[in-house]
Amino acid sequence: MTRRIPSPTWQLLSIALCVALGLTARPTMVLAQGGGSSADPPLPCESIELLCGAHGPRGDPAEDPNCECGLGEWVRIDTPPDLDPEIPVNMRIARSADFVDWKLQCTRRATASLVSVEVDASAVSHFGATGSDTTKAKASCSGGWRELWRGTLPACPRRVSLAAIGSGSLSIAASCAAEPGCTASAATSASGSASSRGDASASIDGLHLDGTVGFQESSHSTELSGNFGATVDFIAPSIDGSLSSERRWSVKGDGSATGTLSYTVKPNRTYCALTNLPIHAHWDLSAVATTALSVDRGGTAAATAGATMLLRIQ
């Protein structure tokens, strides 16, 4: 069999025909991930935040074939907590001074997302001795975490579901014998805040209880004032709770009373989205408890104050 070699004239005609039909070979352009030519529209994958239940104009950005994210992964890094006290404190003291016996128990605790304090004090006077003392305890903490993209940009979107959760309680109690110069008071407070993205946040401010019990020699009655009343509900922007209402009254003879406050973070403090934005979560908490006692002429007095608070972003 004889092979026929195309003549130069036939080769020229073939090339002309390919040009006319648009079949000539063209160089292939390879685009880097996440990039495009200068004539392309801006890519949606540079910054994505598609809230749960929402539908953007392009649908799910993670399924957009024109948008390719980089290679890498999201990592969560915990923020080192700042604690006061750094280790739990449980102190018990019993002492006598100038014919007055004092007993004190004080606890303080702080973890990455919880604080608690409690002061329990009592005093007894002997031989008409007079004494007074004030004790204060505080605990605080701060904590949090953050998410970072480790890899080439743009960062890949991922499903994010956040919620601010928390609860707590405050309590006070005071009692006083029907003796002149006898008073007992207790006070406690708590505050905190947590923040992240969207509605996944909570603010707890102004939580406070205080009360005083004191004997009035002129009326031979014990006066009680402060948050020793009936429990009532309260509503704040990010928490629901109940507390003892504030009132004032008197009783004959010895007097004692207690007050409470409790709360929980509302369940709607959440954030849900498909996003490639970094997430930062942070919270701060603080609790304080104080008691003050005064005794005279063989009197006795006692007071307790405490607070517990839990708050974080999960």
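Me: How many helices and strands are in the protein?
Reply: The protein has one helix and 17 strands. Keep in mind that this is a predicted model.

Me: What share of the residues counts as buried?
Reply: 39% of the 314 residues count as buried.

Me: And the accessible surface, what does it come to?
Reply: About 17700 Å² for the protein. Carbon and sulfur atoms hold 54% of that surface.

Me: What share of the contacts comes from residues 24 or more positions apart?
Reply: 75%, counting the contacts with a separation of 6 or more.

Me: Let's go to strands E3 and E4. Do they run parallel or antiparallel?
Reply: Antiparallel. E3 covers residues 89-97 and E4 covers residues 100-110. Nine bridges join the two strands.

Me: Which residue in E4 is the bridge partner of Asn 90?
Reply: Thr 107 is the partner of Asn 90.

Me: What sits between the two strands?
Reply: A turn of two residues, which makes E3 and E4 a hairpin. Asp 98 is in that turn, and its phi is positive, about 55°.

Me: Where is Ala 129 found?
Reply: In the loop between strand E5 (114-125) and strand E6 (131-151).

Me: Is Ala 129 buried or exposed?
Reply: Buried. Its relative accessible area is 11%, and the cut-off for buried is under 20%.

Me: How far apart are Ala 129 and Val 100?
Reply: In sequence, 29 residues. In space, 6.5 Å from C-alpha to C-alpha.

Me: New topic. How many salt bridges does a search of the whole structure find?
Reply: Five. One of them joins the side chains of Glu 49 and Arg 197, at 3.2 Å from N to O.

Me: Where do Glu 49 and Arg 197 lie?
Reply: In distant parts of the chain, 148 residues apart. Glu 49 is in strand E1 (residues 49-51). Arg 197 is in the loop between strand E8 (183-195) and strand E9 (202-216).

Me: How accessible are Glu 49 and Arg 197?
Reply: Glu 49 is partly exposed, at 39% relative accessible area. Arg 197 is partly exposed too, at 25%.

Me: Which residue forms a salt bridge with Asp 84?
Reply: Arg 108, with the closest N and O atoms 3.1 Å apart. Asp 84 lies in strand E2 (residues 72-84) and Arg 108 in strand E4, so the pair ties together parts 24 residues apart in sequence. Asp 84 is partly exposed, with a relative accessible area of 34%.

Me: What about Asp 133 and Arg 95?
Reply: Their side chains meet in a salt bridge, 3.6 Å from N to O. Asp 133 is in strand E6 and Arg 95 in strand E3, so this pair ties together parts 38 residues apart in sequence. Asp 133 is partly exposed at 29%. Arg 95 is partly exposed at 36%.

Me: Last one. Where is the place of Ser 244?
Reply: In strand E12, residues 239-244.

Me: Is Ser 244 buried or exposed, and which residues does it touch?
Reply: Ser 244 is buried, with a relative accessible area of 3%. Beyond residues up to four places away in sequence, Ser 244 touches Asn 227, Gly 229, Ala 230, Thr 231, Gly 259 and Thr 260.

Conventions: Residues numbered from 1 in each chain as written. Predicted model: local features only at pLDDT ≥ 70, side-chain atom pairs only at ≥ 80, totals over all residues. Heavy atoms only, no water. Helix = DSSP H or I, 4+ residues; strand = E, 2+ residues; numbered from the N terminus. Buried < 20%, exposed > 50% of the residue type's maximum accessible area, 1.4 Å probe, protein only. Contact = heavy atoms within 4.5 Å. Areas by Shrake-Rupley, 256 points an atom, 1.4 Å probe, with all protein chains shown as cover. Pairing = 2+ DSSP bridges. Salt bridge = Lys/Arg side-chain N within 4 Å of Asp/Glu carboxyl O.
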